[in-house]
Amino acid sequence: MSGNTPWIVLALAFVVGLGATGSYTVPLLTWLAPVLMLRFTRSQPALRGYVLASLVSVPILAITWNLFPFGGTIGLAVFCVVGAFMGSLPLLLDRWLAPGSGPWRIAVYPLASTAMELLGGSGDLGSWGATAYTQMNDLALLQSTSVVGMAGIAFGVGWFATATNALWESAQPATRGWRPLAAFGLTFLALHAWGSLRLSLAPTPQTARVALITADRFPGTAESEVARRYTSDVDLTDSDLQAIRAFHRDHADALLHTAQVEARAGAQLVAWPEGSAVLLDVDEAAFVLRAQALAREHGTVLALALAVLDTGPAPRRLTNKVVMVGTDGTVASEYLKAIPTPGAERRFSHRGDGQLVTIDTPIGRIASVICYDADFPSLVAQASEQDVDLLVVPAGDWSAIAQMH
C-alpha cells in the first residue's frame, strides 16, 4: 500500500475494532477487525507496525472494556495496556515469520492468535475476552467448540484474516488468490452444517419450573466500624457479632420467605445470587435447618448461596458456598467457590477444591459452580463428564456486565 492508504486502513481498523470485542460486540466486526489490522501491519516495518497496532488497541480496550471489574481505574488501565501489547503479538509474529507467500503466510497469524488465547485462558482472568464469546448467538458455529474448544473460534477468526489478506495481496485474484479464502469458506460452511445438524438432532430438553430470586449483591459485613474490626487482627466482641447478625438477619429471612412463596407456587428448584444470605458460622446450621424443613414440606430443591463469616481469631475468612438441599430435606451437597475473583475476595476467602458435586433430583442431575468459577472451562467441563442436566451458577453480576459475563 502507498500514500495514505495504510493510515486509512488503520483508522478503519480502529472503528471496526470498537465493535469487535467487549461490551458493544457486533459479531461480524469480530471477523473484520483482524483483517484490517493485519493488512496494516503487513504494510509496515515489523516493530513500527506492532507498536502502532498496540497503541491503537489501547483505546479500543478502554472503551469496550470500561466495565472491567478488577482493580478499578488502575486495573482497567493495566488491562488495556498489557492486553493491547500482548494481543498484538500475533501481528508481530506474522510480520517476522510469514514473509513472501506459501502456507506460512496463511498459518502463522491464526496459530499465534490461538496460542495467545490459550495462554491468556490459563491465567487469573480465565476465559474473559475469549473470541468465542463474541459469537455466542451463532449456536451452530459454537457446536464446533465441543471438538476444537473455545480457542478453535479464535483460530477461525485468524484464518479468515490471513485468507482474506491473501486475496487482497494476490497478483492473480481471479485464480490463485481465491484458494485460501475458498478453503476457509468451505470449512466454515461444513462446520455450520454439522452444528445445525447436531442441534436439530438433539433430544428435546426436559423443562422444569425454576424460581430465581434477585437480591442485593454482597452488601458488606456490617456497619463500617464493625467491618473494620472484622478484617483486623483484633478479637471480636459479643456486641460485634450481634451487630453483624442484626445487619443481615432481615435479608436472610426474606430470602427464605420468598423461597417458600415460590415453592408453594410450584417451583421445583429455587436459587438466589452468590453470597446473598450472609451468616455467621455459628448461625449457619440453624439457617440451613429452616431451609431443610421448607424443602421437605414442598418437595423443592433449594440452592442456598451463602456467605459464611468466620467468628474465630484472626485472620478471619469468608466461605462462599452453595448448599444444595434435596426434596427430602437432606443436605445433598456443599460446593465452595474454587476460584475467588482477584483482589479482596481472593485475599479473604476460603477456597474450594474445584470438584463438582452432583445430586440426583426429580428434575435431573444438578451441580453448581459459583460466579467466577464459570469463567474457567476446564473446571466447568466436569459438568459434562458427570452427565449433569442442569448447572446452577449463582453469580454476583450487575446489569452492565451480566450479558457479557
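Where does aspartate 387 lie?

Tutor: Aspartate 387 lies in the loop between α16 (382-385) and β9. Before going on, note that this is a predicted model, in which local features need pLDDT of at least 70 and side-chain atom pairs count only at pLDDT 80 or more, while totals for chains, interfaces and linings use all residues. Residues are numbered from 1 along each chain as its sequence is written, and side-chain values use heavy atoms, with hydrogens and water left out. Helices (H or I, at least four residues) and strands (E, at least two) are DSSP runs, numbered from the N terminus.

Aspartate 387 is not a glycine, yet its phi is positive, at about 55 degrees. With a relative accessible area of 57%, aspartate 387 counts as exposed. The cut-offs are under 20% relative accessible area for buried and over 50% for exposed, with partly exposed in between (1.4 Å probe, protein chains only).

Now follow the chain into the strand. β9 belongs to an open sheet of three strands with mixed pairing, in the order β7-β8-β9. Because β7 (359-361) and β9 (390-392) stand at the edges and each has a single partner strand, one side of each has no neighbour in the sheet. From one strand to the next the twist averages 35 degrees (axes are lines fitted to C-alpha atoms, for helices over the stretch in contact, and angles run from 0 to 180 degrees between N-to-C directions). Two strands pair if DSSP finds at least two bridges between them. β7 and β8 run antiparallel and are joined by three bridges. Aspartate 360 stands opposite arginine 365 in β8.

On a 1 Å grid over the protein atoms alone, a cavity is a set of points where a 1.4 Å probe fits but cannot get out, and lining residues have an atom within 4 Å of a point. Grid points are joined across faces, edges and corners, and a volume is the space filled by probe spheres set on the points. The count comes to one cavity of 30 Å³ or more, and the largest cavity has a volume of about 30 Å³. Its lining consists of Val322, Met324, Ser333, Tyr335, Val357, Ala367 and Ser368. The elements that give two or more residues to this lining are β5 (318-325), β6 (331-336) and β8 (364-368). By class, the lining has five nonpolar, two polar and no charged residues. Here Ala, Val, Leu, Ile, Met, Phe, Trp, Tyr, Cys and Pro count as nonpolar, Asp, Glu, Lys and Arg as charged, and the others, Gly among them, as polar.

Next comes β5. Eight of the eight residues of β5 are buried, so this strand is largely enclosed by the rest of the structure. In a regular strand the side chains alternate between the two faces of the sheet. Both faces of β5 are covered, with Leu318, Asn320, Val322 and Met324 buried on one side and Thr319, Lys321, Val323 and Val325 buried on the other.

β5 has antiparallel partners. Strand β4 (residues 301-309) is joined to β5 by eight bridges and runs antiparallel to it, and alanine 305 stands opposite valine 322 in β5. Five bridges join β5 to β6, also antiparallel, and here valine 323 stands opposite glutamate 334 in β6. The hairpin of β5 and β6 has five residues between the strands, and in it glycine 329 takes a positive phi near 90 degrees.

Last, a charged pair. A salt bridge is a side-chain nitrogen of Lys or Arg within 4 Å of a carboxyl oxygen of Asp or Glu, and the structure holds eleven. One of them joins glutamate 345 and lysine 337, with the closest N and O atoms 2.9 Å apart. Glutamate 345 and lysine 337 are both buried, whereas aspartate 387, where we began, is exposed.

Technical notes
On a 1 Å grid over the protein atoms alone, a cavity is a set of points where a 1.4 Å probe fits but cannot get out, and a pocket is an open set with protein on both sides within 12 Å along at least five of seven lines; lining residues have an atom within 4 Å of a point.
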